[in-house]
Amino acid sequence: MSDAMDAYWQLQPLARTLATAIFVTSIGGHLGLIPTGWLFFHSSLAIFHMPPQIWRFLTTFLLSGPQLGIILDPYFVYQYLSQIESGNPKFQRKEEVLWYLITVSGFILLFTQCFLGFQPFLISALIIALCYTGSQDSRGMKANFFFFTVPAQLVPYCMLGMSVIMNPAALPQQICGILAAHLHDFLVRTWPEFGGGRNWLATPAFVSRLVTTPRILQREYGTGFRPRTQTSGSSTGASAGSGPLPDSWKTRGTGHRLG
């Protein structure tokens with residue numbers, strides 16, 4: 001049991017937290033332990049109700065499909081988000097991944113409300129948005145999609161094709177997810193790098209303060225240590241007491257000249 005918990009805590013933190021929240025919420029919702037009426041998003045409840053039920057902006061992404069969806073949806077969320085969190089060159093810091101989740105989820109809510117109307121739960125759109133973002137920097141690589149090997153950047157479109165066959169009702173929501181991820185990529189990378197514009201989705205300072213950076217960094221090629229910040233008084237004292245002599249010699253007094 002301890003080995004399993006150690007392995008769990010070694011997983012990517014944001015992907016691990018979101019996948020666990022989806023798994024726990026889905027079990028509670030589908031078993032009737034959590035009333036799903038408190039989870040879905042509706043603007044009249046989340047915005048215009050007094051007081052606003054702002055948790056619905058989050059919980060609308062936390063309920064998976066029934067049966068196998070309880071296992072598969074958290075798995076796909078972790079798989080694609082961990083790729084973004086650990087190996088995507090567009091996201092160098094954890095706060096950038098967190099801000100990505102916030103902005104893409106906001107775009108999904110905006111698109112679904114404008115084009116589809118009431119959509120109570122949006123996990124399908126979030127999964128394909130994560131897949132789209134994670135696959136765009138894997139061009140030239142191959143990926144497995146069920147029993148087929150396809151170019152990595154085509155995996156989201158394979159998911160759309162699978163939905164046409166197995167779950168056509170999820171197709172409009174998934175298209176909104178791809179549009180949300182594409183808009184984020186355009187505003188963060190394509191427009192600044194190729195259009196000469198500014199990054200309209202730069203990570204704000206309050207998000208950076210939410211994510212604490214540890215002093216010890218575990219890397220594949222070793223462990224890095226961030227130096228502690230010293231005050232002017234402590235650094236002055238260190239320079240005054242430093243020298244080539246051992247500490248035990250420094251307590252012998254000023255000394256006298258012989259001869």
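Colleague: Which helices and strands each supply at least two residues of the lining of the second largest pocket?

Modeller: Helix H5, helix H7 (123–136), strand E1 (142–145), helix H8 (155–166) and helix H9 (171–194) each supply at least two, where helices (H or I, at least four residues) and strands (E, at least two) are DSSP runs numbered from the N terminus. This is a predicted model, in which local features need pLDDT of at least 70 and side-chain atom pairs count only at pLDDT 80 or more, while totals for chains, interfaces and linings use all residues. Residues are numbered from 1 along each chain as its sequence is written, and side-chain values use heavy atoms, with hydrogens and water left out.

Colleague: Which one gives the most to that lining?

Modeller: H5 does, with eight residues. A pocket here is an open set of points on a 1 Å grid over the protein atoms alone where a 1.4 Å probe fits, with protein on both sides within 12 Å along at least five of seven lines, and lining residues have an atom within 4 Å of a point.

Colleague: What volume does it have, and which residues are closest to its centre?

Modeller: The volume of the second largest pocket is about 1200 Å³, counted as the space filled by probe spheres set on the points, which are joined across faces, edges and corners. Of its 40 lining residues, Asp73, Phe76, Ile127, Phe146 and Met159 are the closest to the centre.

Colleague: Switching to aromatics, how many pairs are there in the whole structure?

Modeller: The search finds 10 aromatic pairs. One of them is phenylalanine 76 with tyrosine 80, whose ring centres are 6.2 Å apart and whose planes meet at 10°, so the pair is stacked. Rings of Phe, Tyr and Trp (its six-membered ring) pair if their centres lie within 6.5 Å, and planes under 30 degrees apart count as stacked, over 60 as edge-to-face and the rest as tilted. Both residues lie in H5 (residues 69–87), four residues apart, which is about one turn of the helix, and ring pairs link Tyr75, Phe76 and Tyr80 into a cluster.

Colleague: How many bridges join E1 to E2?

Modeller: Four bridges join E1 to strand E2 (residues 148–151), and the two run antiparallel; strands pair if DSSP finds at least two bridges between them. Lysine 142 stands opposite proline 151 in E2, and in this hairpin, with two residues between the strands, phenylalanine 146 takes a positive phi near 55°.

Colleague: Where is the cis peptide bond?

Modeller: The cis bond joins methionine 50 and proline 51, with omega about -5°, and proline 51 is in the loop between helix H3 (43–46) and helix H4 (56–59).
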